[in-house]
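Me: Could you walk me through a structure with a few questions and answers?

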There are 4 protein chains.
Amino acid sequence: MSSVYGKKIKISIFGQSHSPAIGVNIDGLPAGIKLDMDELRVFMKRRSPGKDDISTSRTEADEPEIICGIVNGVTCGAPLTVVIRNTDARSSDYSQLRDTPRPSHSDYAAHVKFNGNHDISGGGHFSGRLTAPLCAAGGICLQILKSSGINICAHILQTGDAKDDSFDMAGVSLKDFMAISENPLPVLRREAGEKMKQEILNAKEKGDSIGGIIECAAVGIPAGIGDPMFDGIENRIAQIVFGIPAVKGIEFGNGFAAAGNFGSKNNDPFFVDEGKIKTRTNNSGGITGGITNGMPVIFRAAFKPTPSIGIQQESVSLSRLENTVLKINGRHDPCIIVRAVPCVEAAAAIALYDAYLDR
Amino acid sequence: MSSVYGKKIKISIFGQSHSPAIGVNIDGLPAGIKLDMDELRVFMKRRSPGKDDISTSRTEADEPEIICGIVNGVTCGAPLTVVIRNTDARSSDYSQLRDTPRPSHSDYAAHVKFNGNHDISGGGHFSGRLTAPLCAAGGICLQILKSSGINICAHILQTGDAKDDSFDMAGVSLKDFMAISENPLPVLRREAGEKMKQEILNAKEKGDSIGGIIECAAVGIPAGIGDPMFDGIENRIAQIVFGIPAVKGIEFGNGFAAAGNFGSKNNDPFFVDEGKIKTRTNNSGGITGGITNGMPVIFRAAFKPTPSIGIQQESVSLSRLENTVLKINGRHDPCIIVRAVPCVEAAAAIALYDAYLDR
Amino acid sequence: MSSVYGKKIKISIFGQSHSPAIGVNIDGLPAGIKLDMDELRVFMKRRSPGKDDISTSRTEADEPEIICGIVNGVTCGAPLTVVIRNTDARSSDYSQLRDTPRPSHSDYAAHVKFNGNHDISGGGHFSGRLTAPLCAAGGICLQILKSSGINICAHILQTGDAKDDSFDMAGVSLKDFMAISENPLPVLRREAGEKMKQEILNAKEKGDSIGGIIECAAVGIPAGIGDPMFDGIENRIAQIVFGIPAVKGIEFGNGFAAAGNFGSKNNDPFFVDEGKIKTRTNNSGGITGGITNGMPVIFRAAFKPTPSIGIQQESVSLSRLENTVLKINGRHDPCIIVRAVPCVEAAAAIALYDAYLDR
Amino acid sequence: MSSVYGKKIKISIFGQSHSPAIGVNIDGLPAGIKLDMDELRVFMKRRSPGKDDISTSRTEADEPEIICGIVNGVTCGAPLTVVIRNTDARSSDYSQLRDTPRPSHSDYAAHVKFNGNHDISGGGHFSGRLTAPLCAAGGICLQILKSSGINICAHILQTGDAKDDSFDMAGVSLKDFMAISENPLPVLRREAGEKMKQEILNAKEKGDSIGGIIECAAVGIPAGIGDPMFDGIENRIAQIVFGIPAVKGIEFGNGFAAAGNFGSKNNDPFFVDEGKIKTRTNNSGGITGGITNGMPVIFRAAFKPTPSIGIQQESVSLSRLENTVLKINGRHDPCIIVRAVPCVEAAAAIALYDAYLDR
């Protein structure tokens with residue numbers, strides 16, 4: 001495993017789905033930053049499971065304990081470590097999965113890599129549960145960025161057949177972020193959220209799961225951040241976002257849609273607006289040459305449906321090397337897309353804050 | 001800039017479009033590997049400009065000089081450095097662009113980041129020219145991987161409205177790679193290539209440019225390679241592929257299409273085939289949990305149209321901070337997608353070889 | 001702060017002297033390694049304070065809790081995190097030190113770096129207390145190395161005027177290690193230890209402190225480990241050993257003594273011994289060209305006397321920017337050299353195991 | 001090999017003693033820095049061989065060609081690469097050494113590590129020749145630091161039995177640096193240099209070699225630079241200085257001498273001098289807790305005698321695995337200590353500039 005990310009700040013994520021605790025160490029955080037623990041808890045709560053009928057029934061308080069790195073609530077320059085105890089690690093039987101890997105889950109690849117020694121319970125270190133410490137670190141970065149006038153917000157763009165509106169890439173603003181936060185699901189258009197919920201419940205009922213797309217915007221980032229060729233903003237965000245389980249694609253600005261476009265249509269014309277240089281469109285997603293240009297940074301991340309489903313599937317017996325079938329009983333998560341929204345925000349915040357410090 | 005990539009091998013790319021030379025240093029290459037310089041030249045030739053009527057008219061021999069790292073054609077364990085002299089660095093006038101940035105080009109972002117000191121000639125270090133050393137390093141990695149039974153090949157999936165067939169993700173094989181190599185353009189279906197050429201020539205005639213999508217496959221990779229959460233195969237490939245100028249999106253397996261899919265459809269069922277564990281479909285693109293599962297690794301990269309076009313565009317004067325228009329004269333590249341194919345293969349080879357060594 | 005070390009394994013150390021807890025995260029540890037927790041506790045106990053009359057009176061159980069990274073006592077490939085609760089963090093008054101920095105302590109430099117926000121209590125993250133997690137990580141590496149036939153042992157070579165014998169660099173063996181472990185202080189010659197204890201008690205009585213030198217040997221390391229120019233064995237060991245508070249010098253083989261030597265005397269002649277290539281002397285300390293040569297790796301680390309003493313010293317008031325005097329009351333550590341021995345072993349083990357994995 | 005160093009700037013050194021060229025790539029150099037090429041040549045000339053009768057007779061012009069990274073002599077933010085052609089790579093016969101390794105040279109360790117594929121000619125990548133690109137990179141860093149008021153200078157403290165005065169650690173100044181530069185050998189006391197020259201010539205006459213100690217001082221560094229625990233100033237300088245061939249020890253401030261000292265003697269008392277906080281002594285060598293305290297940074301590096309000597313030595317035949325003797329004909333270097341002085345300055349400059357940028 002290699003669960004360390006970053007250059008100026010180094011985020012080390014640790015823990016397994018059913019280990020006594022999970023957490024994150026943030027090395028390199030500047031001193032003198034006041035943290036708002038209530039705000040952090042509220043942010044992490046958006047990710048934690050067990051709150052409603054459209055996610056896993058596992059219940060976790062996700063109470064972050066900061067065991068070092070602060071003095072009286074202010075960062076002191078020492079590494080800051082957050083520990084989160086696992087409280088609902090049920091002793092359900094995972095032995096079946098040790099011999100019969102779940103299709104499209106990490107089970108088989110991990111079995112080969114770790115020679116059968118990986119922690120299979122609840123997905124071990126591959127579990128979506130590890131996004132809790134990601135959100136702890138990201139929540140801290142979000143607070144710091146906000147105090148510098150940089151705000152990040154994501155919404156569900158699609159799940160199954162239900163689609164929300166896209167951000168207006170050149171014009172996205174805090175007003176949109178506010179609108180998203182006021183809806184039951186994180187979407188721009190409330191009805192889109194209702195349709196999404198229905199899609200998720202349908203999948204759940206069938207013991208199935210569905211994927212989705214999350215769109216994320218960061219506004220207020222100054223121009224000139226990012227280090228091409230390999231630590232540009234796209235490289236940095238991509239490297240961390242693919243660390244969120246189930247992500248299979250990422251695009252910036254108009255991304256894949258640019259492929260069918262002409263330069264004359266795709267280019268973002270410059271203009272001067274009250275003494276500031278802006279672009280009329282933002283097909284670049286706020287990034288040119290790997291460097292921010294001062295416009296909102298926009299990206300989309302594609303999530304595959306969670307591979308762990310309640311429907312019988314073809315699999316193999318690793319020990320007997322023969323075909324078999326797999327039917328998983330017990331709780332499963334029909335759709336992670338709602339809880340993935342803060343994870344994407346957290347990942348973006350970590351990447352952007354690290355790039356910002358590295359300027 | 002941060003043009004260093006890799007963990008076990010460290011690739012440092014250097015040079016500007018119009019500097020005396022460009023090149024790459026590869027640190028950490030194992031000793032005892034025999035390099036085929038003719039094969040490397042053939043590979044690099046696929047990327048070099050000036051060969052036909054659908055790319056820039058700049059002519060570069062792209063002759064790689066290995067100035068160290070080998071003894072009698074065999075790697076000696078010391079860093080291997082390739083230097084490529086720039087021979088057709090025309091003294092055309094770039095001073096216009098210093099004050100009037102090209103829309104969607106790196107000009108403005110670089111101006112802010114480097115306080116006006118960046119090399120504007122030919123795009124400086126942001127130029128597509130820097131993919132020549134990327135291909136030099138990648139060409140070496142491709143040779144090494146091939147000798148271990150791992151083969152990588154990419155094709156143009158789309159440019160403008162012209163589309164090639166997709167790879168059969170579970171069944172892609174060397175036969176497909178051979179077919180691609182035999183077509184005038186790197187496509188599976190020759191007629192798709194002809195249509196693409198027409199699209200490119202149309203754009204060229206208008207002084208415009210078009211984007212495209214490249215699909216890449218790696219076959220023969222053993223299961224168990226990759227280091228989640230942040231150095232998994234997807235993270236690693238994404239980090240390097242976004243280092244290729246103009247890339248705005250990447251997806252693995254069925255990527256964004258998975259978002260609208262059910263788990264029961266998207267999961268890849270396991271089966272045993274002559275004693276080997278395989279999956280019937282390969283929607284995972286050969287990667288689960290960030291680790292290879294032994295199936296072909298498949299990804300797609302989206303390229304925006306080159307921002308440098310011959311059509312008049314809106315821009316600003318940086319010195320006067322007012323709106324203006326920009327009309328670029330001189331050669332421009334209507335479409336980089338053909339020459340980008342070996343770049344994508346090179347990037348994939350570097351990432352996969354580095355991950356392979358890091359296992 | 002930058003408390004992350006390593007390439008194949010990444011050690012992140014966290015905590016402050018008086019924070020709720022301290023600990024270490026080890027990322028990249030191979031799967032399938034059985035850990036002996038009793039052996040780890042015994043090793044860590046050698047470092048922990050409060051056991052005798054020659055160290056600080058702070059009492060810490062230093063009970064390591066492994067909160068993740070193992071399943072049934074065996075590493076699972078996920079990051080392994082050890083948390084150690086601080087139990088004897090007395091609320092003594094450190095406010096005096098905030099304005100009046102201790103001479104030669106980190107106080108003033110940290111004040112400037114962190115703009116007054118650093119944790120001053122007990123030295124914060126600069127405290128020798130942070131060697132507890134270093135020993136936790138090192139103790140694990142020592143166990144792994146031992147199972148590969150690599151053993152590491154250090155002894156006090158000097159403290160004040162009391163000196164132990166040096167290792168026979170070419171002939172040092174497990175017999176010597178056994179002898180060291182059987183003495184009350186970690187020395188080769190028991191009487192040297194008695195003289196050292198007297199030196200330490202003398203210093204303690206005066207409210208003063210004394211420095212020392214620790215010599216460390218690693219036997220059983222195969223030839224061919226190390227990555228020059230900048231990740232050779234000397235570079236790697238030096239980088240981590242200077243992370244132990246109070247270290248001001250390091251030398252390998254005959255080190256500084258080589259400066260006055262002729263090549264004909266200093267070179268280690270090769271010979272064949274029962275089919276194995278060895279050297280008759282080992283002035284190189286087992287390392288040539290940054291790479292192990294199969295002979296014992298030998299180095300010495302110099303520790304300055306602990307700067308925190310009970311004697312009145314000249315200092316300044318940071319707020320008033322004027323001269324003043326400082327007299328510290330309360331417990332202080334007259335000599336850290338005894339407890340530093342396992343720290344040096346731990347650091348060596350981490351560096352050598354990381355280099356070993358990186359081969 | 002792992003010849004990449006640094007965090008904010010990444011120095012990649014490449015080349016072998018007898019490869020067509022050697023050089024260095026510097027990634028991450030800020031834009032807008034005007035380089036003085038004449039000054040760089042003068043600096044590099046201090047290291048280049050063939051100028052006098054006390055070093056190797058190999059003659060190298062060491063002409064640095066900057067092939068990219070600058071525009072009109074000013075850094076442009078792109079990686080800066082210096083290439084130095086090898087001109088006097090004589091085709092003398094090194095085949096003897098392939099089977100009969102030189103005692104205490106890298107030959108044997110490299111043979112094992114690279115399975116016999118390493119470049120043996122002239123020492124390959126292990127050669128002192130690789131300090132030429134180190135000096136190129138360091139010379140550039142020295143210029144940049146100087147423009148920020150930070151000056152670095154080293155002198156020979158000892159070679160064989162001849163000793164120079166030590167720096168006055170608290171009071172060292174540009175006046176001392178001037179004095180050193182005006183002597184024929186880089187020493188504070190001219191007669192010490194004469195005695196050193198005699199020692200070197202004596203060794204040369206016997207076909208032998210001698211070691212030495214270099215002392216280096218950096219003045220003008222602000223307080224607050226350095227990132228403990230593992231990227232403190234001592235860690236950083238040690239990591240790079242051990243990259244200079246033949247270095248076997250390093251100490252900061254009074255280093256090993258502190259081991260026999262009391263805290264009350266060793267601590268550096270603070271006082272206010274014209275509104276600035278200073279210390280009366282500087283036993284800390286300008287570094288406490290891994291962070292600069294504003295006093296001069298002082299360190300010493302011990303160099304072993306060059307292992308390649310003209311006197312017959314015991315060795316082994318690697319192919320026959322039996323004892324033999326080795327007598328090397330041809331030029332050898334009796335003492336590298338004079339030419340090592342700029343190398344130590346270069347290494348210190350790179351480490352300190354990188355730490356400075358990383359603040």
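Predicted model: local features only at pLDDT ≥ 70, side-chain atom pairs only at ≥ 80, totals over all residues.

Me: How many cavities of 30 Å³ or more does the structure hold?
Reply: Good place to start! Counting cavities with a cut-off of 30 Å³ or more is what we need here. With that cut-off, the number the structure holds is 5.

Me: How do the residues lining the second largest cavity divide into nonpolar, polar and charged?
Reply: Among the lining residues are A:Met1, A:Gln16 and A:Asp119, and also C:Cys76 and C:Ala78. Over the whole lining, the division is 4 nonpolar, 5 polar and 1 charged.

Me: Why is strand S17 of chain A largely enclosed by the rest of the structure?
Reply: Buried here means under 20% relative accessible area. Strand S17 of chain A covers residues 313-317, and it is largely enclosed because the number of its 5 residues that are buried is 4.

Me: In S18(A), which residue is the bridge partner of A:Gln313?
Reply: S17(A) pairs with strand S18 of chain A, residues 322-326, in the antiparallel sense over 5 bridges. The two strands form a hairpin with 4 residues between them, and A:Leu321 in the turn has a positive phi of about 50°. Across the pair, the bridge partner of A:Gln313 is A:Leu326.

Terms used
Residues numbered from 1 in each chain as written. Chains lettered and ligands numbered in written order. Heavy atoms only, no water. 1 Å grid on protein atoms, 1.4 Å probe; cavity = no way out; pocket = protein on both sides within 12 Å on 5 of 7 lines; lining within 4 Å. Points joined across faces, edges and corners; volume = space filled by probe spheres on them. Nonpolar A, V, L, I, M, F, W, Y, C, P; charged D, E, K, R; others polar. Buried < 20%, exposed > 50% of the residue type's maximum accessible area, 1.4 Å probe, protein only. Pairing = 2+ DSSP bridges.
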